[in-house]
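Student: I would like to learn how to read pockets, cavities and surface patches in a structure of this kind. Could you take me through them in turn?

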Amino acid sequence: MHCSSPKMVCETKIVADEHEAIAGTKKDSIIVSSAQMWTSSSPSPSALESKVEKRDQVFIREFERSDHKEVRRIFTEGIMERIPNSVFRGLKQQIRTQFIYAFLTVMCYVMTKSLTLTFSTPFILMGARYYYSRKVILNYLDCALHTDMADIESYYMKPTGSCFWVAVLQGQVVGIVAAQGREDNNTMELRRMSVDSHFRGKGIAKALGRRVLEFAMLNNYSAVVLGTTAVKMAAHKLYESLGFWRVGDTEDYSLPGMTRSPLERLFFQIRYSRYRLQLHEE
């Protein structure tokens, strides 16, 4: 299987709320110690409330080698969620595919005159759609896990103008995001954003996105770009809430690892959306 360079962005579906606190900066991650939380040995009610608030605070820091296992887990789980979303949610966006499946169902009845087979046809088509969606997405996941996600330090931590962050909540890595600089056009690409499904709705995705924007501004990039094949609208609303504008769509996008065989094209289609946030004029 041919695995192309990981320039393709894979954005996991994210549900995000407002969360203003973003602790930590590039090369300067802030960790609040217990000495900063309390000022006396007998905690007052307000101090106890502060303790709970600090415990629920999300910290964004740079990737460390010890994070690799959790980072791969979060990324893999996020990609695996795409299989049912592509099969069912994705079909709602593909009017042409709906007509093709309806036509095949009608033709089944015309040719066989069998009601049983005709009623079975939609289930057979959806089963094939699930099989090919799973096959394509697993191939894409394998490509990612053997390229940039296999060596995060080389791809993101060592090159100037790139970085990889993790979101930490209660001592646990719960979210990831990467930024990759492009010297040819002075833009930064937001990549690999994903949040643990058990910790969504806490503003973690928005905090990660803001960290990338801060990093881009500090490094004088003219714009931040991203591409996503996310089906859920929550991910698209997140990008728009961060200030991104959708600048284009590709309806029949080819993921790395696709063979583009006739059956694969019939049962797997995905839309690729491109976003851009202009920071300053070039």
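The dialogue below goes through pocket, cavity, patch and annotation.

Tutor: Please keep in mind that this is a predicted model, in which local features need pLDDT of at least 70 and side-chain atom pairs count only at pLDDT 80 or more, while totals for chains, interfaces and linings use all residues. Residues are numbered from 1 along each chain as its sequence is written, and side-chain values use heavy atoms, with hydrogens and water left out.

Student: How much space lies in the largest pocket, and which residues are the closest to its centre?

Tutor: On a 1 Å grid over the protein atoms alone, a pocket is an open set of points with protein on both sides within 12 Å along at least five of seven lines, a cavity is a set where a 1.4 Å probe fits but cannot get out, and lining residues have an atom within 4 Å of a point. Here the largest pocket holds about 290 Å³, and of its 18 lining residues the closest to the centre are Gln 93, Gln 94, Glu 251, Ile 270 and Arg 271. Helices H4 (82-92), H5 (95-112) and H9 (233-241) each supply at least two residues of that lining, which by class has four nonpolar, nine polar and five charged residues.

Student: How many cavities does a search of the whole structure find?

Tutor: The search finds two cavities of 30 Å³ or more, and the second largest cavity holds about 30 Å³. Its lining includes Ile 74, Glu 77, Asp 196 and Arg 200, and helix H3 (68-80) gives the most to this lining, with three residues. The lining divides into two nonpolar, three polar and four charged residues.

Student: Which residues make the nonpolar surface patch?

Tutor: Patches are made of residues with over 30% relative accessible area (Shrake-Rupley method, 1.4 Å probe) and no salt bridge (a Lys or Arg side-chain nitrogen within 4 Å of an Asp or Glu carboxyl oxygen), and nonpolar side chains are joined within 5 Å. In this model Val 106, Tyr 109, Val 110, Met 111, Leu 115 and Phe 119 make a nonpolar patch of about 650 Å². Helix H5 gives the most to the patch, with four residues, and helix H6 (115-145) also gives two or more.

Student: Which residues does the "transmembrane region" annotation cover?

Tutor: Such annotations may be inferred rather than shown by experiment. The unreviewed UniProt entry places the "transmembrane region" at residues 99-125, over which the chain is 93% helix and 0% strand, with the end C-alpha atoms 12 Å apart.

Key
Points joined across faces, edges and corners; volume = space filled by probe spheres on them. Nonpolar A, V, L, I, M, F, W, Y, C, P; charged D, E, K, R; others polar. Patch = residues over 30% accessible without salt bridge, like charges linked within 9 Å, V, L, I, M, F, W, Y side chains within 5 Å.
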